[in-house]
Amino acid sequence: MIIYGVALLAVCTLAGVIVGDFLGVLLGVKSNVGGVGIAMILLICARLYMHRHGGMSKECEFGVGFWGAMYIPVVVAMAAQQNVVTALHGGPAALLAAVGAVLVCGLTIALISRSHRGEPLPALNADPATQTQVVPAGGR
């Protein structure tokens with residue numbers, strides 16, 4: 001059911017917010033530090049784990065896919081609630097946390113892309129049945 005995908009997202013979001021609040025306390029910043037990003041990384045890891053071990057049904061993927069499409073508006077709404085100015089006045093901890101989060105995300109993306117061993121996608125103008133290029137009439 002689609003609700004399982006939404007439930008998976010809710011669990012990851014809750015865990016991300018808790019870890020982000022804990023990081024804020026640990027760094028001495030009175031703000032959530034990277035909770036949304038942590039939640040999305042948890043969601044990616046959980047989806048990959050479930051997909052590899054057969055726990056991700058098609059309906060569950062629809063729920064995760066729906067919220068994946070809603071990612072940008074959700075992030076904008078959650079970021080609007082955070083007081084960035086106060087966090088920056090808290091000292092260099094907020095800047096270090098931001099740089100650290102970017103580095104961790106970049107390394108995670110690199111790790112995921114290097115571990116993917118699937119076939120490359122066909123060209124946009126390729127015929128999937130024959131894997132040959134289709135040239136439009138009157139075009140190049």
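**Reading the helices of a predicted chain**

The chain contains 6 helices and 2 strands, and the elements follow one another from the N terminus as α-α-α-α-α-α-β-β. The model discussed here is a predicted one.

Biologist: What makes Asn-32 a buried residue?

Modeller: Buried means a relative accessible area under 20%, and Asn-32 has a value of 15%, so Asn-32 is called buried. Asn-32 sits in the loop between helix 1 (2–27) and helix 2 (35–52).

Biologist: Which side chain makes a polar contact with the side chain of Asn-32, and why is the pair called that?

Modeller: The partner is the side chain of Asp-21, at 3.2 Å; a polar contact requires a pair of N or O atoms within 3.5 Å, one able to donate a hydrogen and the other to accept it, so a pair at 3.2 Å falls inside the distance limit. The side chain of Asn-32 also reaches the backbone nitrogen of Gly-35, at 2.8 Å.

Biologist: Why is Leu-42 called partly exposed?

Modeller: Partly exposed covers what lies between the buried limit of 20% and the exposed limit of 50%, and Leu-42, with a relative accessible area of 34%, therefore belongs to that class. Leu-42 is in helix 2, and, leaving out residues up to four places away in sequence, Leu-42 touches Cys-12, Ala-15 and Gly-16. The C-alpha atoms of Leu-42 and Cys-12 are 5.8 Å apart, although 30 residues separate the two along the chain.

Biologist: How do you know that the buried residues of helix 2 are on the same side?

Modeller: The buried residues of helix 2 are Gly-35, Val-36, Ala-39, Met-40, Leu-43 and Ala-46. They span an arc of only 135° around the axis, so they lie on the same side of helix 2. The face turned away from that buried side carries the exposed residues Tyr-49 and Arg-52.

Biologist: How does the reach of helix 2 compare with what is expected for its 18 residues?

Modeller: The expected span is 1.5 Å times one less than the number of residues, which for helix 2 gives 26 Å, and the reach from the first C-alpha to the last is 26 Å, close to that expectation. Helix 6 (residues 92–115), with 24 residues, reaches 34 Å, again close to the 34 Å expected. Buried residues in helix 6 include Ala-93 and Ala-97.

Biologist: What makes up the largest nonpolar core, and why is it called a core?

Modeller: The largest nonpolar core has 9 residues, namely Leu-8, Leu-9, Cys-12, Met-40, Leu-43, Ala-46, Met-56, Cys-60 and Val-64. The name applies because such a core is a set of buried residues of listed nonpolar types, joined through side-chain atoms within 4.5 Å. Helix 1, helix 2 and helix 3 (58–69) are the elements that each give two or more residues to this core. Beyond its neighbours within four places in sequence, Leu-9 is in contact with Leu-43 and Trp-67.

Biologist: Which spans does UniProt list as "transmembrane region", and what does the model show for residues 7–27?

Modeller: The unreviewed UniProt entry lists residues 7–27, 33–50, 62–81 and 93–112 under that name. In the model, residues 7–27 are 100% helix and 0% strand, with end C-alpha atoms 30 Å apart. Residues 93–112 are likewise 100% helix and 0% strand, and their end C-alpha atoms lie 28 Å apart.

Note on methods
Residues numbered from 1 in each chain as written. Predicted model: local features only at pLDDT ≥ 70, side-chain atom pairs only at ≥ 80, totals over all residues. Heavy atoms only, no water. UniProt positions renumbered as here; feature names shortened; annotations may be inferred. Helix = DSSP H or I, 4+ residues; strand = E, 2+ residues; numbered from the N terminus. Buried < 20%, exposed > 50% of the residue type's maximum accessible area, 1.4 Å probe, protein only. Contact = heavy atoms within 4.5 Å. Arc of directions from axis to C-beta.
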